[in-house]
Amino acid sequence: MPGRCAVAALLALSALSAACTRAEQAPSTGQLGLATWNLEWLMTPAEHHRLASRCTARQPGSDERALPCTPGRPPPPRRSQADLDALSITAQALHNEHQVDVVALQETDGPEAAAQVFRQGWRLDCFVDRAHPQKVGFAIRDGVPYRCNGDLGALDIDGHARAGADLTLWPGTAQAVRVLNVHLKSGCFTGRLDRTLGPCAALRKQVPVVESWIDDRVREGVAFAVLGDFNRHLATDARFPAGPDENAPLNAMQAWSDNEPRGAILWRATDGQSYVPCHPGERHRHYIDDILIDQRLAQRYGQRRFTRATFDDQPPGRVLSDHCPVVWALRH
């Protein structure tokens, strides 16, 4: 049997190991970097070629492995290696320059496709289980512990919409943050959701699903963020009431940030921010990509810096994306 000194040494070593594990599990700095980026049909070139050769005239359903070639609409972009190299420069800037901990990715065909752009210093995980090439998932900084929480499948309201991806950063610690990645229905950017317009009717069904997820996190007492492509001008939306019916809201922001249950109050990254185009000549004038944080995160990180990671430094002629990253750096 080991002597008392040996036992004491083993206990000390065990305690040191546990302390190191706890140190690795907790955030090492007083900051949290969040970003969201829609990568516009990002696929491997080989898979794009395979699917484009037998594309369909309509938008495929969630369970269909296909690309659309809808008459009158541009096809999903075909990218060269040089295009992917250019996109990877932005991804590396998110890691090195902006110190981002997690990037919510949209329109990305899983980890293999994402790895063409997020090459060093990232883990690519928690992508939704969807055959359609437009998926949501995450790029997580190496060294940041996380847990995938499964898909928010209820967001796929009709078999054609996109489910949400859900993860927890630093699970099991006092600094845990729950993160939901959404890519909501396109086509109802402004105006009340009760209009007789198909995309508005669809979005009106999705808003309560997000609200339910938010309310569950508030009741649990866990800090959280909702990131993604909302396909909605939330700056305009936030000016108008949600209406009395939670199951059939008229607008989104005040439905989600209604203090019901108590504490369901959200801060928005683009609030008060002038629109920054991704590149010169861009036709968009309003943010649809955004980051929402809850009251707990807002209290934890009192300093918040907004950035748009533009493509201004990229060479002309590259096929990049019709979105560029929105970044929110939160600090104590």
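In this predicted model, helices are DSSP runs of H or I with at least four residues, numbered from the N terminus.

**View 1. Lys205 in helix α5.** Lys205 has its place in helix α5, which covers residues 198-220. Is this residue buried or exposed? Lys205 counts as exposed because its relative accessibility is 56%, and the term applies over 50%.

**View 2. The open sheet of 6 strands.** The strands follow the order β3-β4-β2-β1-β12-β11, and their pairing is mixed. At the edges are β3 (122-125) and β11 (303-308), each of which pairs on one side only. On average, neighbouring strands of this sheet are turned by 20° against each other, direction ignored.

**View 3. Pairing of strands β1 and β2.** Strands of a sheet pair through backbone hydrogen bonds, in either a parallel or an antiparallel sense. Here, β1 (residues 31-42) and β2 (residues 102-108) are parallel and share 6 bridges. Thr36 has Ala104 in β2 as its bridge partner.

**View 4. Helix α3 across the strands.** Helix α3, formed by residues 81-96, lies across β1, β2, β3, β4 (137-141) and β12 (326-331). The helix runs at about 165° to β1.

**View 5. The largest pocket.** The volume of the largest pocket is about 1,200 Å³. Its lining consists of 43 residues, and those nearest the centre are Arg73, Glu107, Gln134, Ser186 and Asp322. By class, the lining comprises 15 nonpolar, 13 polar and 15 charged residues.

Terms used
Residues are numbered from 1 along each chain as its sequence is written. This is a predicted model: local features need pLDDT of at least 70, side-chain atom pairs count only at pLDDT 80 or more; totals for chains, interfaces and linings use all residues. Side-chain values use heavy atoms; hydrogens and water are left out. On a 1 Å grid over the protein atoms alone, a cavity is a set of points where a 1.4 Å probe fits but cannot get out, and a pocket is an open set with protein on both sides within 12 Å along at least five of seven lines; lining residues have an atom within 4 Å of a point. Grid points are joined across faces, edges and corners, and a volume is the space filled by probe spheres set on the points. Ala, Val, Leu, Ile, Met, Phe, Trp, Tyr, Cys and Pro count as nonpolar, Asp, Glu, Lys and Arg as charged, and the others, Gly among them, as polar. Two strands pair if DSSP finds at least two bridges between them. Helices (H or I, at least four residues) and strands (E, at least two) are DSSP runs, numbered from the N terminus. Axes are lines fitted to C-alpha atoms, for helices over the stretch in contact, and angles run from 0 to 180 degrees between N-to-C directions. Contact means heavy atoms within 4.5 Å. Buried means under 20% relative accessible area, exposed over 50%, partly exposed in between (1.4 Å probe, protein chains only).
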